Amino acid sequence: MRVRYLAAAPLLAAAMFGTTAAAWPSATADPPPAPPALTASALSARYAADAGAIATAEHAADRDGDSQLAGALATLRTQQVLFFDPNGQGVAAMVIGNLATATRVAILVPGSDTTLATFFSRGSSSPGGGAEALAAEAHRLDPGQRGDQRLAIIAWLGYPAPAMLSPGVMTSGDASQGAQGLRPLVTELAGHGDQVALLCHSYGSVVCGLAAPHLPVTDIAVFGSPGMDASSVASLHTGARVWAGREADDAIQYVPHIQLFGLGFGADPMSPGFGARIFATGDSGHSGYLDPGSVSLRNLTYIALGDPAAVTR
């Protein structure tokens, strides 16, 4: 038991230090711009404009000697980018697939310690790498339906995610900003006729929990979750299927599930009383959920594709 709480000690220390800041975000950012019309021409214009803005930011990072950020932006510049802002930690959303023709959209919402500089640097545990792994798995699982075309994937970093060792990581201030930015995008996609799934990792599951009430999504899947700022699926006020998964070796399981004086995120989504559908994972730890070949990636991809019967429980 002592070992379990030692694993959570850095988070608890940050939480105690941040009590007075519990109601406030650790950083602020302008909300992401409204998505363009979901037509081929409007999307192409947005992607081109963002590529130019990313190139400018890349040159600035290179000039300032920030090689990690410059490298991330060099990769991002070649992608379809729905929005981009380099200020502060930076925000961006990368699209894989065709938003103009897709019938389903999966939005990957990352957790703490995610910035523009780390958008690709951690392989499949990064937003960009995770989205690429999902797209490849969708193509593998659904070749007859050309899953890579009927499904579009958005790697969404639309909020200033808190640092792991910071007061903000145990409060919902940053997550509230993220929820406010996420809701308009989901609403626009659903209005276009798309079925939308949210795939929410770690602190990103707090973002999704705050965004969930009455949001037009078919599925909300949380993995490596510290909680959703909710006591149960019922308290999320959603008609979506709510899924939860946790790798056997994920240390997040040792974080106390409390909600007191603005600290903590409530009940464990993995607990029977929460009411989520538990999907099978493996033992790769907190960063392994989207690893190619993993059970968790396969199940998250089936959720993204809207095939709940194929998910192993």
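Visitor: Why is Arg241 called partly exposed?
Guide: Arg241 has 24% relative accessibility. Buried means under 20% relative accessible area, exposed over 50%, and partly exposed in between (1.4 Å probe, protein chains only). So Arg241 counts as partly exposed. This is a predicted model, where local features need pLDDT of at least 70, side-chain atom pairs count only at pLDDT 80 or more, and totals for chains, interfaces and linings use all residues. Residues are numbered from 1 along each chain as its sequence is written, and side-chain values use heavy atoms, with hydrogens and water left out.

Visitor: What makes Arg241 and Asp219 a salt bridge?
Guide: The closest N and O atoms of Arg241 and Asp219 are 2.7 Å apart. A salt bridge needs a side-chain nitrogen of Lys or Arg within 4 Å of a carboxyl oxygen of Asp or Glu. The pair therefore ties together strand S7, with Arg241, and strand S6, with Asp219, parts 22 residues apart in sequence. Strands here are DSSP runs (E, at least two residues) and helices likewise (H or I, at least four), numbered from the N terminus.

Visitor: Which other salt bridge does Asp219 form?
Guide: Asp219 forms one with Arg104, the closest N and O atoms being 3.5 Å apart. Asp219 lies in strand S6 and Arg104 in strand S3, 115 residues apart.

Visitor: Why are Asp219 and Arg104 called buried?
Guide: Asp219 has a relative accessible area of 1%, so it is buried. Arg104 has 4%, so it is buried too. Salt bridges that share partners join Arg104, Asp219 and Arg241 into one network.

Visitor: Why is the pair of Phe119 and Phe120 called edge-to-face?
Guide: The structure holds four aromatic pairs. In this one the ring centres are 5.2 Å apart and the planes stand at 65°, so the pair is edge-to-face. Rings of Phe, Tyr and Trp (its six-membered ring) pair if their centres lie within 6.5 Å; planes under 30 degrees apart count as stacked, over 60 as edge-to-face and the rest as tilted.

Visitor: Why is the pair of Phe223 and Tyr289 called tilted?
Guide: Their planes stand at 55° and their centres 5.3 Å apart, so the pair is tilted. Both Phe223 and Tyr289 are buried.

Visitor: How do you know that the charged end of Arg277 sits over the ring of Trp243?
Guide: The charged end of Arg277 is 5.4 Å from the ring centre of Trp243. The rule asks for NZ of Lys or CZ of Arg within 6 Å of the ring centre and within 35 degrees of the ring normal. Trp243 also stands opposite Arg277 in S8.

Key. Pairing = 2+ DSSP bridges.
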